[in-house]
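These questions and answers go through one model, with the cut-offs given where they are first needed.

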Amino acid sequence: MMEYAWLVPLFPALAFPVIVFVTRRLRLLSALVGIAAIAASFVVSVGILVEVLQAGVTMEQPVEKALNWLAIPGPEGWLLKIEAGILLDPLTAVMLVVVTLVALLVEIYSVGYMHGDPGFSVFFSYLSLFSASMLGLVVANNFFMMFFFWELVGLCSYLLIGFYFHKPEAARASLKAFVTNRVADFGFMLGFFFLFLMFGTFNFRELAEAVPHAENLGLLALAAALVFIGPIGKSAQFPLHVWLPDAMEGPTPVSALIHAATMVAAGVYLLARAFVLFAGLPSVMLIIAYVGGFTALFAATIGVVQRDIKRILAYSTISQLGYMVMAMGVGSMTAGMFHLTTHAFFKALLFLGAGSVIHALNEQDIFRMGGLARDMKITAGTFIIGALALAGIPPLAGFWSKDEILLAAYSHGYTGLYLLGTVVAFLTAFYMFRLIFVAFFGPRRAGLHGHESPWTMTVPLLVLAVLSVVSGFMGAPFVAHGFSSWVYFGEPHHVEPNYVVMFTSTAVAILGIYLAWFIYGREAVSHEALSRRWQGVYRLVYNKYYVDEAYLWFFRRVVLGLAEAFNWHDRNVVDRIFDGVGDLVRWSGRRLRYLQTGHLPVYGLVLFAAVVVLVIWAAAPVIGGIR
Amino acid sequence: MEGGASVAIFWLLAALTVGAAVAVVMLPNIVHSALYLVLTFIGVAGIYILLEAEFLAAVQVLIYAGGVAVLLIFGVMLTRRGHIRQSNPFNSYHVAAGVVSLALFILVVLALGRSPWHAFPGPWPEDTVGAVAEAFLGPYVLPFEVAAVLLLVGIVGAILLAREEKGEK
Amino acid sequence: MSFPLLTSILLAPVIGLILILIIPEREQLLIKITAAVATFVALALSVYAYVAYDQQLGGMQFLEDRVWVPAFGINYSLGVDGISLPMVLLTAIVIFTGVFASWDMTNRIKEFFIFLLMLVTGVFGVFMTRDLFFFYLFFEVAVIPMYLLIGIWGSTRKEYAAMKLTLYLLVGSAFALIGIIALFLYASNQLGYLTFDIQTLATVEYDIGFQKFIFFLMLVGFGVLVPIWPLHLWSPDGHVAAPTAVSMLHAGVLMKLGAYGLIRVGVFFFPEGAKFWAPLIAVLCIVNVVYGAMIAMVQRDLKFVIGYSSVSHMGYVLLGIAALNTLSLSGAVTQMFAHGIMTALFFALVGNIYHKAHTREIARFGGLAHQMPKVAAGFLIGGLASLGLPGLHNFVAEFLIFLGAFTSDQVLWGGLLSYRVLAVLAISGIVITATYVLRVVQKTFFGPRKAEWDVLEDARGVELVPIVVLCSVLLLFGLFPSLMVDLINTGVAPLVAKIEAAKAVGGIF
Amino acid sequence: MITLSHYLALAGLLFVVGLFGALAKRNAVAVLMGIELMLNAVNINLVAFNRFMNPGEVTGQVFALFVIVVAAAEVAVGLAIVINLYRRRLATDVEEADWLKW
């Protein structure tokens, strides 16, 4: 099955033109084509995963197949060799399965959610294009190809965020997303340019061999830091996180697939794929760890006060991505990837659940919802399972993966980050169950009456709920050779459980849930009073620490100001200079006119005066008697 | 021509010619100028004779003194206006003209003084007229024909320019 | 010599032109069809030439020679190599789509198509000739009709723009002429006989001082066309004023004339001169890129945005030339092709909108995607190409240029500033470009539906030809870049060999 | 002994007097007379050079003759213009014929 790996991205890639040009009129057929394509990819991916694990393909001996895409001959060998190739190892196999599975479920879900939307088939074409580019990114065997699909994925996010292009906010959000990603890609491109400068290749395997014994560590650190800017943008880490909350303008399946499970995980995947680059540089690892940690805390605090159900989940995603990046920074690539896998499932579940709620009530503000547990049994049930998993309640998936990260931080001696992680775990539990108690258990508010979504939407929810429970066990410590023995850096290590860490994280989560129940469930303390008491803090956090406003101010004042200055300079200075040359000619013409007196003798005089002058000038030596 | 006599004659003719020329230029009365012009032409003819260019002297007298001078006198008569005594004043730039002319003369004289003419008075063909005729119909036949055309054009042009428009008075 | 392929490409528009002369003015459709057929023949032959070109052999192929003026060694010799063949193909594609883009013109279309075909003949000539004399001759043939085309059929401030454009180009070509004559004389007394053949002239060993001066002349002469920064002001005004097909040709092809001239007559003849002036070009092109992109951000007229974006994109070509290594030079030639196609697409679409909406003011537009989905899709593809999205041809070109400039270890100001820093500044251009392109797309096409524009109907039938053809070319070479880059490498290789062989000369600063 | 420079000096003087006449006179006919003087000076030069420098041939005289022919044509046309000017402006004053004035 492995030799068919290049088919995985190809199926959805073919589905895109087929839908756009052939089946656009027939809505259901387009959906079927899309789903069939991603289903085929899923089947092949599972096959690859099984084969990879059985055939003993490990991180050290990946399977690589490549052919030259663009090669420029130089004096000796290739000056530049860019391949289109696939690199198969456990990391790729796991990611393939995760991406194809979530994509499949989201596409099935979208049939119900997007029902009646005029752009139904266009939506499925965009989803297929996205799946193709995401899968392409996963299987890429060199930086160029990864960057190639990295930007295509950015394009699909632009198209899908701006899907309801008649809404001005959606149009602005898509522009914001693309430009922010573009800034990150600028850094990322510089990063692998430096790598090419130092090692002359983009290929991951060749880099893996060359990087450990690179002599110019300073340059390597710079290159690694620049490459890390890519994930900062793509995985919405601070300071380039601003686009993800606005990306919620897109349809909910998009938020579930792209802005929760797959695309935003691409940044973490890049860190995992190029881990050899970062492993040997403690300074860069530290930066990564602290950026991840800070983002986790920063986003969690904002999530606590948000009112829009999708915004809460968006900030939760940023926070969890911060977790994964912190895990990478702390040195445990396994923990990061394991959390990525489990997070993909339960976060997709939460988003699809939220979608089902929005689909039913057509309302996104949780304080206008209520009593949904009674009206939408399956959605509520699955949503709660997802929330529990996210909060990290054993035995659900979230617990095992979050625990592994905290364990990694603790065991590698980053106690500060460990404590920070625990606080974030508390906040996560608090804001998730704040949402649940307000939306699902509170009294029915604003006359909104939920009704259960059709089976096409609830089945994916159930599947994801099961996965949220099951997926944790593959990485749990007591499992013999679980996740950590497949996906690792250096050598497979077996995680021995540290009960103290486990206990504290669970206790903290339960505390969070209790507090949420205490404020929002029993409403013992009115949350309005709380927010009025700490009014300053509340407003600061509610407005997302005014980061958005700062960027907007920078763009409007500095960038546009500079542009206006250039424009003025261009029109008035440079243009005026060249037009000035023309005016100069006309001006001097006006002055010389007065030489023409019209009198005949004057012309004669000028003539002969010139003769005299010329004779003097030419014959001066002769006349002067020198010669 | 023995040496002494020809030298005297040269100076005489030179004085005559230059004097007449100065008169042509200085006299206020245009008619006097015209007459002195005739005198200058004759002086020049004399010099040609001194240079043993008899045919040229004859042509000079015939065309210049006879034709051109008369034509100028006609011109003077046809454009008479106002008092004849002041008919030939200087224009407002005559001072500048004088300066330029003087400067030019000085330059010419200086140049003459400096340049080493290695003149060698060799044998001069007796019959210059025959030689001239052969030259005209020999190497210079083309200029000769062109000169004829030039004259024709000159005459036609002059007639066209000078004839009175019908009804114009 | 088998079938004279290149001459027939060159003469196809001329024959079309003559036929149109014969057709009476009122047969408007017949005139358009003749023009379309003529350009289609040129396109078909160019594609055949592109495919039939033997890349292993490389060098000049499809040679044709006919003695013209033996006294001065001028002969009508044609040939295309790795650099000029893509340009011939580009010209053919742009003129073919240009004719269709001006299908709905009405006033005096007979003269319009005559001048248009004359213009394109000049451009074909420049790219195909191997003779320096004809190079300049065709160069002038290309410039003169431009004045009339803009002056008569133009829009905003057309007389001013036409006059400005022609003055800039003619003054520029005057510089180039001086250079060519000096080159010719110097070479002829070195060689001992008079010749204008580019290959033989290039074999002459020019003295360094001479090279520095003449290369500067060429730089100014062709720099005006590229346009290089201070001499660029004719192009935005010219673009805006010109009718659709003319601005397509103008931005799509005429600018490449300048860059091609700089490479063929500048760098190929005077490698030391090129090395001396390279830092100046490098610095000016960064201004081109950043300055042009920033200005494009605040333009109110759609065509001005594209005009300034062309200034910015041609800055990349100059950076490619300034870095003087294989990667950047093949990147520069690829960018010349890619940018040509992309700008032609942009102008075709803007022309389409302008023809229907009679305005190009971005502020008045909004939500056009509702009324014109196909045009919106085309514009978005053009926009994505211009910001260098992978999968479209411009990304490959820009990538090669950036990599070439980044890895070249030339330095300026005695090591104070390196090409790497300039490359980083140029790469930052992609962020600015992304911002202004998508802002325009958002303001024009997205947002709520405006009843005011309900009268607009989407591109259909003939108007779709430019959009479909140009988009598919961008995609084809974007997904399979080796189709073009390998060909360009065969053309760039001798050039780089000559540069390497040239003595190391300190830069101007 | 009369040498070549004597004749050349004479011609130079005559030329300069003619030049002064042409430039300084107000009456157009006087200007023509000045020009005639200058032409005669040139003729003297031609003949003098021929006589002293190259006596074998008569090219100098032939040229002199051509100069005379041209001078004659020139006077004819000059006078026609002057008469035309006179008829148009009733004056042969050179400074009044200033149609070329800016």
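This is a predicted model: local features need pLDDT of at least 70, side-chain atom pairs count only at pLDDT 80 or more; totals for chains, interfaces and linings use all residues.

Residues are numbered from 1 along each chain as its sequence is written, and chains are lettered from A and ligands numbered from 1 in the order in which they are written.

Q: How far apart are the nearest C-alpha atoms of chain C and chain D?
A: Chain C and chain D do not touch. The distance between their nearest C-alpha atoms is 28 Å.

Q: Which helix supplies the largest share of the side of chain C that touches chain A?
A: Here 38 residues of chain C are in contact with 37 residues of chain A. At least two residues each come from α11 (271-297), α13 (326-357), α16 (393-407), α17 (419-445) and α19 (482-501) of chain C; helices are DSSP runs of H or I with at least four residues, numbered from the N terminus. The largest share, 10 residues, is that of α17(C).

Q: What radius of gyration does chain C have?
A: The globule rule is 2.2 Å times the number of residues to the power 0.38, and the radius is taken over C-alpha atoms. For 509 residues a compact globule would come near 23 Å, which agrees with the value for chain C, 22 Å.

Q: What percentage of the residues of chain C count as buried?
A: A residue is buried if 20 or more other C-beta atoms, placed from the backbone, lie within 10 Å of its own, exposed if 12 or fewer, and partly exposed in between. Of the 509 residues of chain C, the buried ones make up 63%.

Q: What arc do the buried residues of α1(A) cover around the axis?
A: The buried residues of α1(A) are Val8(A), Pro9(A), Phe11(A), Pro12(A), Ala15(A), Phe16(A) and Ile19(A). They lie on the same side of α1(A) because their arc, taken from the directions from the helix axis to the C-beta atoms, is only 155 degrees.

Q: Which exposed residues does the face of α1(A) turned away from its buried side carry?
A: The cover over the buried residues includes α2 (27-54), α3 (90-113) and α4 (120-139) of chain A. On the face turned away from the buried side of α1(A), the exposed residues are Pro17(A), Phe21(A) and Val22(A).

Definitions and conventions
Two residues are in contact if their C-beta atoms, placed from the backbone, lie within 7 Å.
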